[in-house]
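I opened this notebook to record a few look-ups on a single structure. The entries follow the order in which I made them.

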Amino acid sequence: MNIKRSGGLKMSEKVRIGKSDVVATKVGLGTNKVGGHNLFKNLDDQDGYAVVRTALDSGITLLDTAYMYGLGRSEEIIGEVIKDYDRSKVIIATKASQDPARDHDNNNTPAFLKQSVEDALKRLQTDYIDIFYIHFPDKGTPKDKAVAALADLKKEGKIKAIGVSNFTLDQIKEANKNGDVDIVEDNYSLVHRAAEKELLPYLRENEISFVPYFPLASGLLTGKYSALDADKFKQFNSEQFRKIINNISRIKEIAAKYDATAAQIVLAWYIANPDVSVVIPGARKLEQVASNAQAMNLTLTKDEYAEIDTAFKGF
Ligand SMILES: NC(=O)c1ccc[n+]([C@@H]2O[C@H](COP(=O)([O-])OP(=O)(O)OC[C@H]3O[C@@H](n4cnc5c(N)ncnc54)[C@H](OP(=O)(O)O)[C@@H]3O)[C@@H](O)[C@H]2O)c1
């Protein structure tokens with residue numbers, strides 16, 4: 001018999017995704033380490049099941065997955081887990097574009113995207129996907145044609161919201177010619193703020209939600225690294241890395257005030273950021289997701305938000 005479970009936390013503020021009917025909690029779960037054996041070493045599927053269960057039990061509603069995370073394995077794990085939960089309370093976001101028949105080159109043709117949705121529905125063992133993203137743009141398909149295929153699927157009820165990921169601003173504008181794009185996912189964090197210049201203002205003006213990926217900078221912003229770990233984060237020069245580590249020390253002081261962790265304070269910063277719709281930290285272990293979910297119970301003061309914002313300006 002299936003046991004229906006409900007979230008354990010008091011729900012924090014929820015957000016609507018673009019112009020769709022999809023509504024999610026502000027903290028979601030990134031699942032590239034759930035079944036993503038092709039992307040990361042030493043992953044354990046049992047940890048993956050536990051991570052997804054813990055997320056849902058902790059009040060997180062949105063699960064961010066993709067065909068590319070384990071070539072379907074992440075979606076399969078999620079599909080198994082959500083059978084024990086009330087489907088209407090789980091928001092599944094998945095993505096596709098990598099075509100196995102083209103050596104995983106990106107394919108945004110209407111036929112491929114429609115087939116990808118059918119395949120994902122089977123792996124997820126469900127009859128609709130809440131948010132479906134085109135994972136990466138391809139070279140040949142006009143972006144509005146690709147999105148029109150998703151608009152057909154939305155009319156059929158197979159997907160509820162339309163997303164694009166890793167598109168340039170010009171590609172997003174082309175994709176959104178008919179106003180059909182609900183959500184964009186792109187690289188953005190306190191240490192990677194290029195999106196603030198042009199992308200985020202466009203999304204705001206066009207009622208398109210934004211989900212940043214790498215919000216914890218792959219763990220750097222959790223506070224578990226020190227100045228000695230610079231060689232693990234070669235994208236930063238030594239001065240930048242020193243600044244990040246100093247800023248994290250200050251975040252730890254703020255965290256102490258709330259009896260919280262640095263990661264929770266960083267996540268609270270995204271929750272308070274009006275341009276961020278849902279923040280989707282990834283997790284390898286259930287302890288991480290349980291801890292990250294607690295950020296939904298934290299509210300930074302305006303001064304703390306501004307101090308963190310200012311400390312990381314220029315990244
Ligand atoms: N659309 C796209 O093209 C795209 C690209 C990349 C990612 N994504 C999505 O975005 C999600 C987030 O990105 P990400 O997971 O790569 O990076 P991230 O959220 O910046 O970092 C997550 C990693 O930080 C560590 N971590 C998380 N919580 C922690 C905690 N409380 N304490 C200590 N360490 C903690 C874990 O790694 P360790 O335990 O290994 O340190 C975890 O896997 C992904 O899961 C995926 O769903 C999308």
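**Entry 1: a helix pair.** I worked from a predicted model. I began with helix α3 (residues 110-124) and helix α4 (residues 143-155), whose axes lie 9 Å apart and which pack at an angle of about 40°. I then looked up the handedness and found that α3 passes α4 in a right-handed crossing. On the α3 side, I noted Pro 110, Leu 113, Lys 114 and Val 117 as the residues making the contact. On the α4 side, I listed Lys 145, Ala 146, Ala 149, Leu 150 and Leu 153. I classified the residues of this contact and recorded seven as nonpolar, two as charged and no polar ones.

**Entry 2: a strand pair.** I turned next to strand β8 (residues 129-134), which runs parallel to β9 and is joined to it by five bridges. For Ile 129, I found Ile 159 as the bridge partner in β9. I also checked burial along strand β9 (residues 159-165): six of its seven residues are buried, so I regard the strand as largely enclosed by the rest of the structure.

**Entry 3: the ligand.** I asked which residues surrounding the ligand are the closest. I recorded Gly 30, Tyr 213, Leu 216, Gly 219 and Gly 282 as the closest among the 26 residues that surround the ligand. I then looked up which element supplies the largest share of the shell, and it is helix α9 (residues 286-293), with three residues.

Definitions and conventions:
Residues numbered from 1 in each chain as written. Predicted model: local features only at pLDDT ≥ 70, side-chain atom pairs only at ≥ 80, totals over all residues. Near = placed C-beta within 6 Å. Helix = DSSP H or I, 4+ residues; strand = E, 2+ residues; numbered from the N terminus. Axes fitted to C-alpha atoms, helices over the stretch in contact; angles between N-to-C directions. Left-handed = near helix turned anticlockwise from the far one by under 90°. Contact = placed C-beta atoms within 7 Å. Nonpolar A, V, L, I, M, F, W, Y, C, P; charged D, E, K, R; others polar. Buried ≥ 20, exposed ≤ 12 C-beta atoms within 10 Å, placed from the backbone. Pairing = 2+ DSSP bridges.
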